[in-house]
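Please open the structure in a viewer and keep the selection tool at hand.

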Amino acid sequence: MRILLVEDEPALAQRVTANLARHGMTCEWLSNAEDALDFASDGFTVLVVDVGLPGMSGIDLVRALRARSLATPILILTARSSWEEKVEGLNAGADDFIVKPVRTEELVARLHALARRAFGHSATRIAVGAIAIDTASSEAWLDDAPLALTASEFRLLQMLAYRAGRTLTRQTILDNLYSLASERDENAIEVLVGRLRRKIGRERIVTVRGLGYRLEA
Amino acid sequence: MSMGQGLRLRGSLQFRLIVGSAVGVVLAVLLAGLFIGNLYRIHTTERFQSELDHHLSELIAMTRVDAAGMPRIPQPLSDPQFNARHSGLYWQVDGGEGRIARSVSLGADRLAVHSDDSAWETGRAGDQMLLQRSARVTLDGHEVVATIASAQELLEEQISHFWSDLAWSMSAVGLLLLAGAIALVRFGLAPVRRLGEEVDRLRHGEVARLDPDVPTEFAPLVERLNALLAAQAQLISRARTQSGNLAHNLRTPLALIMDEAEQLRLAGHVETADFLLGRSALMQRQIDYHLTRAAAGGTRGAGTLTEVAPLLDQIITAMKRLHAGRDIAFEVDLPPGLRLPCDRGDLAEILSNLIDNACKWCRHRVIITGAPGGIEVRDDGKGIAAANLQAVLIPGTRLDPETPGTGLGLAATADLLKFSGGELTLGAASEGGLSARVSFAEER
């Protein structure tokens, strides 16, 4: 899952980014709305936008992104607990809000819920053929037998399961697994896909030549 | 009319002006009537006397005295009333020693003459009171006293007719003047009435400032009032910003402390982490609770009425987005134009809390019904056991800790309603879930 965090408080942003990484998400951080406008359509799973941004406010950013027809789910991060601001944010186009101070578990749960909703799944357990995953507990099963997956393997499987039947480009997989600030190696994707195939069955992940990979629905 | 209405009426500027005008008009009409009536009496009496003088001159001119000293009037006087018995117009010529000539109208009566020096005096003929004048003249070598008299009732009757006509006319004039005065008062006070209506619209939140298009006399008042409103709005805005900044400034370090505690937990310092997280959560709840109260106290405008339908539309649109993953049907039934006596921000907070709560716990339906002075939010969920209804109004109470939330929603709503002079009543909805009824004592 690839998150864009738009937050002007560096200390908080760094901690949120690190915490999300610990929960298997890649998180890119921008400190202002103007940069976010240029960057938001770059294949993120969810945008996390702080309302109190300097210059253009978070709510104006959400409005501007929706005006550009960006469909990515948006979670607004607000320091105010009043409903007036939350209603304004939701009506501007946000999908959910969370009031600071944010507990990582709650943020992760909200992000998963938004991602599931965006990909058309209502429950935390997603089944694709014989494979099933639980996004809340990070567990996976093949024919109801638990799968022993590493964190990277689970993240890759979750990504493919969310978009089952659709092809994911190597770039998208790379962006979702590794943040821009980290060392990225496209070959690592192939190695990871190979390891996952060995655990869930080679035929379940189809290679689309020149494009990427697809989990057979 | 009740005592209260009477007091309100006495305090009304319009009432005072109309009563003042009425008293003025009545006095003016009375004085004018008296003045005109007296003037008429004087002129009519003078004319009456002048006519009698004319008759006296004619009588003297026509009187002859024979050798025996008997006065004689060879021709009748010009006014035929002298020849009609008791007509009210009489003459008499007294030659002394019983030699008297008199008009036919006098019959057998005689005019008693007390003064013959041309002074006006009163007399009597039969039962008639007379106004008479006599003159001592010498004719044909004999001294005679010629007298002309007229019944006073002829003069009084004429004056009385005039008084009657005058009274009617003056009453009509008085009524016209009074109507004019009332119209003038209403016209003159129309800007005051408009200003009052404008202030009402301001109180009801329909306008943010008073219309400066008022008569010159009111312009300084309106200008100062608008300046006061602008200053108040600025104050409220500043207070909101400051409370927002305070929230931001408190929450960000709190977020860092909580994160640090989580890191400590990951490092194995579970007890320390739990202590810090517990205290931080307590601080967070206190910040939320007190900031909500502060915001409510600071934004509330006395007498503000808020139209419910547009606000509810916004809230429901937001709730549909917030609970998009669930199949919730919102059923709204509001009387047209329903307004509730509550600040818009506070009402948004109250309704959002109740509707969000209903969305969290409903199966499929959230029902919102309005009535003058109140609104009810119901859901078709499991509801709250009667024994727990009071507990959920205590800040921080969470009946189901697994469901996300702060446990502040219903408590904060009840608190906000207290500020706004309203009340929150929880009960069982006919649909099976919770019924949260918001009621305000009366529309201000």
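The model is predicted.

**Stop 1: chain B**

Begin by selecting chain B and colouring it by secondary structure. Its 444 residues form eight helices and 14 strands. Of these residues, 40% count as buried. Among the contacts in chain B with a separation of 6 or more, 57% are between residues 24 or more positions apart. Now display the surface of the chain. Chain B exposes about 24,200 Å², and 58% of that area comes from carbon and sulfur atoms.

**Stop 2: where chain B meets chain A**

Next, show both chains and select the residues at their contact. How many residues does each chain bring to the contact? Chain B contributes 37 residues and chain A contributes 30. The size of an interface is often given as the accessible area lost when the parts come together. Here the two chains, B and A, bury about 2,900 Å² between them, and 53% of that area lies on carbon and sulfur atoms. Three residues deserve a selection of their own: Arg251(B), Arg321(B) and Leu322(B). They supply 22% of the area that chain B buries against chain A, more than any other three residues.

**Stop 3: the largest cavity**

Rolling a probe the size of a water molecule over the atoms shows where empty space is left. In this model, three cavities of 30 Å³ or more are counted. The largest has a volume of about 130 Å³. To find the largest cavity, select Leu12(A), Val16(A), Val102(A), Thr104(A) and Leu107(A), which lie nearest its centre among its 14 lining residues.

Which helices supply at least two residues each to the lining of the largest cavity? They are helix H1 (10-22) and helix H5 (104-118) of chain A, together with helix H4 (219-266) of chain B. H1(A) gives the most, with five residues. Colour the lining by class: eight residues are nonpolar, two are polar and four are charged.

**Stop 4: backbone details in chain A**

Most residues other than glycine have a negative phi, and most peptide bonds are trans. With that in mind, select Lys100(A) and Pro101(A). The peptide bond from Lys100(A) to Pro101(A) is cis, with omega near -5 degrees. Pro101(A) is placed in the loop between strand S5 (96-99) and H5 of chain A.

Move on to Asp143(A), in the loop between strand S8 (139-142) and strand S9 (145-146) of chain A. Its phi is positive, near 50 degrees, although the residue is not glycine. Is Asp143(A) buried or exposed? Asp143(A) counts as exposed because its relative accessible area is 55%, where the cut-off is over 50%.

**Stop 5: two loops of chain B**

Return to chain B and select Glu97(B), which is found in the loop between strand S3 (89-94) and strand S4 (100-102). Glu97(B) is another residue other than glycine with a positive phi, near 55 degrees. With a relative accessible area of 75%, Glu97(B) is exposed.

Finish at Ala386(B), in the loop between strand S12 (374-379) and helix H8 (409-419) of chain B. Ala386(B) has a relative accessibility of 67% and therefore counts as exposed. Ala386(B) and Gly427(B) are 41 residues apart along the chain, and their C-alpha atoms are separated by 7.3 Å.

Conventions:
Residues numbered from 1 in each chain as written. Chains lettered and ligands numbered in written order. Predicted model: local features only at pLDDT ≥ 70, side-chain atom pairs only at ≥ 80, totals over all residues. Heavy atoms only, no water. 1 Å grid on protein atoms, 1.4 Å probe; cavity = no way out; pocket = protein on both sides within 12 Å on 5 of 7 lines; lining within 4 Å. Points joined across faces, edges and corners; volume = space filled by probe spheres on them. Helix = DSSP H or I, 4+ residues; strand = E, 2+ residues; numbered from the N terminus. Nonpolar A, V, L, I, M, F, W, Y, C, P; charged D, E, K, R; others polar. Buried < 20%, exposed > 50% of the residue type's maximum accessible area, 1.4 Å probe, protein only. Contact = heavy atoms within 4.5 Å. Areas by Shrake-Rupley, 256 points an atom, 1.4 Å probe, with all protein chains shown as cover. Buried area = accessible area lost by both parts, 1.4 Å probe.
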